[in-house]
Structures are given as structure tokens and as C-alpha cells.
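Subject: Model for your files

Hello,

Here is the structure you were waiting for. My notes on it follow below.

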Amino acid sequence: MKSMTGPPRRVLAWSAPALLALIVLPYVVPPYQTVLLTYGLVFAIAALGFNLLLGYTGLLSFGHSAYFGMGAYAVAFTVKYLKLESMEALLLGGILASGAVAALFGLLCVRYTKIFFGILTMALSQVLWSLAFKFFWVTGGSDGLRVPTPTLLGGLVRAGSDKFEFLSHRYYFYVLAIFAICVAVMWVIVHSPFGQALQAIRDNETRAEFVGVQVWHYRWVAFLISGIFTGLAGALWVPLNGLTTPDILHWTFSGKMVFFTVLGGFQTFFGPIIGAVIYNYLETYAVGHTVYWQMVLGIVLVVLVLALPAGIVGTVRRLAVRPAKAA
Amino acid sequence: MDTLVVHVLNALLYASVMFLIAGGLSLIYGVMRIVNLAHGNLYAFGAYVTAWAVGRALGGATEASFWMYALLPVGAIAAAALGAVLEPTLLRPLYRRAEEYQLLITFGLLLILEDLMRLIWGPYPLQASALYEGLGSLTFGESIYPTYNLVVIVIGGVAAAGLWAFVYRTQFGVVLRATSQNMRMAAALGVNVNRVYVQAFTLGCFMAGLGGSVIVPQQGAVLGMGVDALILAFVVVVIGGLGSLEGALIGALLVGFVREAGITFFPEVELAVLYLMAAAVLMIRPAGILGRA
Amino acid sequence: MSVDILKTTQLCKSFGETHAVDHVDFTVTGGEVLALIGSNGAGKTTLINLISGLIPPDSGRIEFQGADITRASIHHKIELGIARSFQLVNLFDQLSVHDNVTLAIFSREGRTRRLLSLAAADTAVRDEAVAVLKQFGLDARTGSPAGGLSQGERKLLDVAVAYALRPKLLFLDEPTSGVSTREKAPIMDIITAVVRSGGITAVIVEHDMDVVFTYCPRIVAMHQGTILADGTPDQIRNHPQVTANLLGAQTA
């Protein structure tokens, strides 16, 4: 990941048409497809957050469902207990809740690396999951909490009578805009001096310390930002789903985030985004075909690790570079 | 007084099983510096295989014949066999790579095993309660305590002693310890490190499988038990230190007693107390009480 | 300057039964370049690890420019002006050569806290990094990932990163180890030139006695955790205990 002034030409070259395609999409495909892609974009935001920790700081978390879930439940609570309808208020609630939990869990987790870190994150998210059941009178237990469609832009945009139409048009553009902002912000963060410090920590913790970077402070901040991005994704997810349940706090959901980040390739910036979107399609179409979806994921993950450690985007990049070098 | 004895026995029961699982995890880490995220699933696998074997042996009967108790280790042996296959195929290729890949691949393994058990045995719990009831119960004072639980506690104690003897008193144990302390040196001295690794891994899986096998008559085999066990085993090794068998024993005992106290007095926060204990230990002494980081 | 920049008093560190550093009194004068020699296990790297903050001492005192830094954190010591390079090269392998150095500069300037500005946009830092790399003869490799350099280049980069912190006191742990004999002199020439022009006090751990005698006006010899001898190259060459314990076993 070399430094550069602004995104390299290559990236700008294909992101412009990609963005154009995304903008035009709702007008050319059936609404179902747009809503499906909205889920994909939401997961992509979660993947961006997740990969700040994995790809850039070298920390593999198996408990990111905690932040996605906190974001989602915060939205549900804000609607149910604070009676607020505005998406902006809900997003703020989601960010604050996931941020607070990430700050706390981060304090516990970032002193440790690798194994301890991984299992500790998993254990903490399981605690949240069990709390969602224990305090069922607050969280709705296994039934979860229903969330009505919120209003966008401070009440200017309302769902109206056709919820599906709202989701496949206005909500889609809302999510797309936030997605674009998230991508831009994360891009700047990873290319900032702070981002360089994180990568240094990833590459050589001791040397980072000896260059004056206080390793666990920086890890904590990365953890916090990562949790907030993932929490934001969780908050955006709820209105799509209409409902939040404890499932999204369970470690299996964390596993999905790990999976799609690795699928796309965690050594690149855009890999996790692509991985998340592709995964969303895979899951939607494959879940209908087999009950043993977890096993499929597991097998693919094993194959990825053994054969394609660079993930999809990473491998494509390598293949693209090789012919150029040969020429 | 009687209730106190019952509580102590319950704690020891839990500690026995936790020692087997966590001890296996610690042994593997101590020798190979690997944490197998699917370790809990090997415990579950052992439970399922034993329950299945007992079920087959019973046929339709409800009373267990004495010879059926000999089936208990079947799960442990199956788990060991599975481990012996997994290490050379999935883990060995990754030793030279960054640790993240180990975690990722064992996580994939966790997903595969979870669904594999569902595929083979279905989504409903499998019982072997005939073995549990078959031993009856002991009465002392005003309390009744299932004899089977006492058997498990004894097995746990025997396993701890046996393992200690194995690691510290046998030739293989010496090789094991040498390899764990300095793999390169051991290899230079002619130790077949690959063989030691697969043997250590198999032993660790055997222990986990044994934990599942002995507890399945009491609580049945159910999907998801693997991950719950993994997290608890982790709490044990955090407290006792990863890589230390003595630490696994101490951690298991602590966890067993704290959990029993927790369930008795504050049933709602049982799980939280254990995690808090683990978090506290991690903050104060990151290597655990007896661990080497 | 003849002011003591560093002073250790009765510094001790043991690992189990081994007294790696045994009641060491070690003083360094500001601006000097000295070599720290001794056979493997003599305690040289442990001494550096203690002073630089990687490990805490069992007992004794360390003073830097008069201030007590015995138990100070690594971060604090770096802020005060102590830096080090490593025996086994410690670099950020996936980052470019350029970024390895810019990171040190950003850290020095306290700019690593900046999340929302592009690292690449800070031209002052980038230019300074290029200047440092030029001094070390690495400007041709600016864009390559650090992991792809030759051993000699990596050793130089390791020192360059420490140098970019603009330290007052620089510890160099075997800066020419693993490098072919031909390359040693050029590397040492660069290092001593850089150190001298920056007015940096340098303590160089070295095994190669040719390098030591050529480049270091003061030599401190350690053996089994204590300082055996401390003097000019001539004094050291003729010191009976040094020749017995160390020089006989040295390979050039």
C-alpha cells in the first residue's frame, strides 16, 4: 500500500463508472435487486470498518457482530423508547452506542494480539448476545424488536404507503450516499499519518514502539473507529430488515464479516467492499439451496486460506500486474 | 453441610470436564503455538460419537448393560482420529505463514464441523442418559448425588495425574517438552518435529473428545455446545495461562467453583462473572497465573 | 562537549541464574562515538535493551542528561532523544522505504495523531525523508517495499529510521552484521558521517574488530555482564584481559 497524493489514476478510472452504475441502478433493475444491493452496501460499510483492524492494523476480530448489533439495537431502542423517527437521530444513536461499546471492549482487547485478541473479541460479543436474551423485556428477546421505516433528511423524506418503493429508491440513495462518504473517509484515514502508524504497528509492533508510536493507544483508536463504522452499518441495516434480532450479535454473524473480508482480500482497500457485495449475493441465492450453509462457508474459507490468501481482489490484482510486468 | 458437599462436587464435576478441554487446548498451544478455534467442536464431536454409539448399543432398550460403559471412550478416540487427520492436512501448510491464517483456517474448520455434526446427527440433541441413570445415586446425610458425576470427577483426576505423568515422566514427554521449548533445537537433535506435532495435536483432541464423551450421559449432545465450550476453555486458559497444564488445572478448578457459586447465588450473572474473572486476570497478569505468553 | 549525556549506576539485570548485566557503571559523553564490544552473552544487547526501555532493570539507575529515566517508558525515552537500531533488522516490511522514514518523522512531530489529512500531502515531511534517504545512499530505492531490499540496504534503513527521529543518543546494535566485508566500510562511512554531522552521540555494538578499531575512538569491552575495559583502541588492543577473553576469540 504505497502512499500517493489522492487516489491513483487506476482507482479513479474504474470508480467513476462504478459510481455511475450505482446511481443509475434503481432505474434499470427490478426493485428487488436494488434492495438486495442495499444490503450489500450496508455489509460493505461493515467490511470497511472491519478491515481497518484486520488489513491495516493486523488485528483479527471474531466479535464484530457486537458493534453491528449495538448499532441495530440502538436504532430499535431509539424508535421504541425515545419515540424518534428521524433516520439521522437513529444513526446518531447507533454511532454513539456502538462507539461506547467499542471503546469499552477495545480497552479490554487491544493489549493483546492474535489469539487472545480473537477469542476475547468473540467472548465479549457472546456476552452481548446472551444479554439480549436475558433482558428480553427490553430487547424483545428472540422475537426481537420491530422497527418502522424512518424518515430521512430530518423528516423531509417519508416512506409513504409503499414501503418497498421507498426502500428501493429513496432509502437506496440515502445508503449509497452514506456508503460513498464512508469510503472517502476511510480512504483518507488509511492514507493519513495515523493510518501509516497503524500499518507500521501491523508490520512490526516493536519497531513502531521504538519510533515513538504508543502501540496500544493507536490500536484502541483503530478499534473505536472500526466499531463505529460497523455500528453505522448495523444502524442502516435495521430499516431494511424492519426488525432486529439477537442473531446479529451472535458469533456466526461475526464469522460472516470475517469471511467476506477475506473473500474480497484483506490486503487491499476495495477487497472487503467487493467481498461483502459478492457474499451478499452468494448468501441470498445459496441459502435457498442448502441448510448446510455454514459448512459451505467453512469449506470456501479453508480453500481461500490454502489457495487464494490474497482473496478475490488481491488475486485479480496480482494477475493483472503480472502480464503488465511481462510486457 | 450436605448441600455444601453437593456444591463442591458439582464444581469439581465442571472442573473435570473443563480441565480436559482446556488442558487439550493448552497442550497443543504449548507444543505447537497453535490455537485451534475448532477445539470446542472436537469436544462436541466426542460427545456426539459417544452418544451415538451408546444409542446404537442400546437399540430400543432403556436400561444400560454394564459393558456399554466401555463405549464411553469411543468419542475420545474418534476425536483423536479426526485430529490426526486434520493436523497434517490443514494446519501443517500454514506453520510458516502469519498467525492470522491459522485462526482463519481453524475458524473455517469450526464452521465445517458445526454443520457436519448437524448433517450426520440432525438438529436435535442426542442423549446417552441411560448411562447416567444406570449408576444410580449415592445418599449421604440428607442429600442424594448421582454416582455418575463422581465417576466423571474421578476420571478428571486420573486424566490430570496421567497427563502429568505422561508429560513429565515418559520419554515421549521429554521429547514433547523439548519441542515445545525449542523446536529448532529439537529438530537439530534429530527429533521428528512433524511427528511430534501430529502426536501432540492428536493427544489434545483426544482430551477434548474425552471431555465430551464423559459429560454426554449427563447433559446430552447438542449443536452449539462446541463454541460455548471453546469460550469457556478460553476463560480457563486465560486464568491459568496458555501453554501450562498446571495452569489449566488451576483455572479449571477456579472456574468450576466460581461458576457453582455464581449459579447458586446469582443465577442471572453466571456467565458474566466468568468473563469478568477472565478480563480481570488479563488486565492484571496477561500471561495468566502460570502461563508463558 | 564534555558533559555526560548518559550515565548508568550499578545497573543490574538477571534472567534466572544468569546475570546478564551485573552492576554496570557506564558513562557516555555527549558527542562521542564509542564501540561496545564483547563476546556473545556478554550483556551488550541487554544493556542497550535496558537503556532504551525494552526491558526494565532489576536494580540500579539510568540517567539521561541528568534526568532519571530508569523506569521511563519507551515512548518517553524517545521523546527525550534516545533512539536505537536493531541487531536483527526491524523494519516495516510492507511499507515503502520512503514510508518507513516518513513514519519516524511524523511520529517525531506528533503528527501520527492526524486521521483526516493525507500523509502524502505533507510535502515538508516527504522532502525531509528523501533528504535522510539521500544521506544514507538509499534514495534510489525510495518506492520499494522495505522487505525487498538487500541486507546491507536494510541495515542502513534500520539506522536511517532511528536517525530520522533526530535523537541525541543513538544506539546501533551490530549495524554491519550479516553484511559482506566489502560492504561494511561504506556502511560505516555513511553512519559515522551522518552521526558526526548531526552532533549525535553514538554507541555502536560491534563484533567486527576492524570496524571497531577504525571508526571508534573509544571502546568499552564487556564480559559476562561487567565492563572489562574502557579506553582508546590502543589501550584496548594491549589490555591483557581483553586479549585473553575477547580478541582471541574474535573473527574478523
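In chain A, A:Ala197, A:Leu198 and A:Ile201 of α8(A) meet A:Val215, A:Tyr218, A:Arg219 and A:Ala222 of α10(A); contact means C-beta atoms, placed from the backbone, within 7 Å. Six of these residues are nonpolar, none is polar and one is charged (Ala, Val, Leu, Ile, Met, Phe, Trp, Tyr, Cys and Pro count as nonpolar, Asp, Glu, Lys and Arg as charged, the others, Gly among them, as polar).

This is a predicted model: local features need pLDDT of at least 70, side-chain atom pairs count only at pLDDT 80 or more, and totals for chains, interfaces and linings use all residues. Residues are numbered from 1 along each chain as its sequence is written, while chains are lettered from A and ligands numbered from 1 in the order in which they are written.

In chain B, the axes of α1 (residues 2–32) and α6 (residues 147–169) come within 9 Å and cross at roughly 40° (axes are lines fitted to C-alpha atoms over the stretch in contact, with angles from 0 to 180 degrees between N-to-C directions). The contact of α1(B) with α6(B) has 13 nonpolar, four polar and no charged residues.

Between the chains, 29 residues of chain B are in contact with 30 residues of chain A. On the chain B side, α4(B) gives the most, with 16 residues (helices are DSSP runs of H or I, at least four residues, numbered from the N terminus). That side has 22 nonpolar, one polar and six charged residues.

Regards

Notes:
Two residues are in contact if their C-beta atoms, placed from the backbone, lie within 7 Å. Helices (H or I, at least four residues) and strands (E, at least two) are DSSP runs, numbered from the N terminus.
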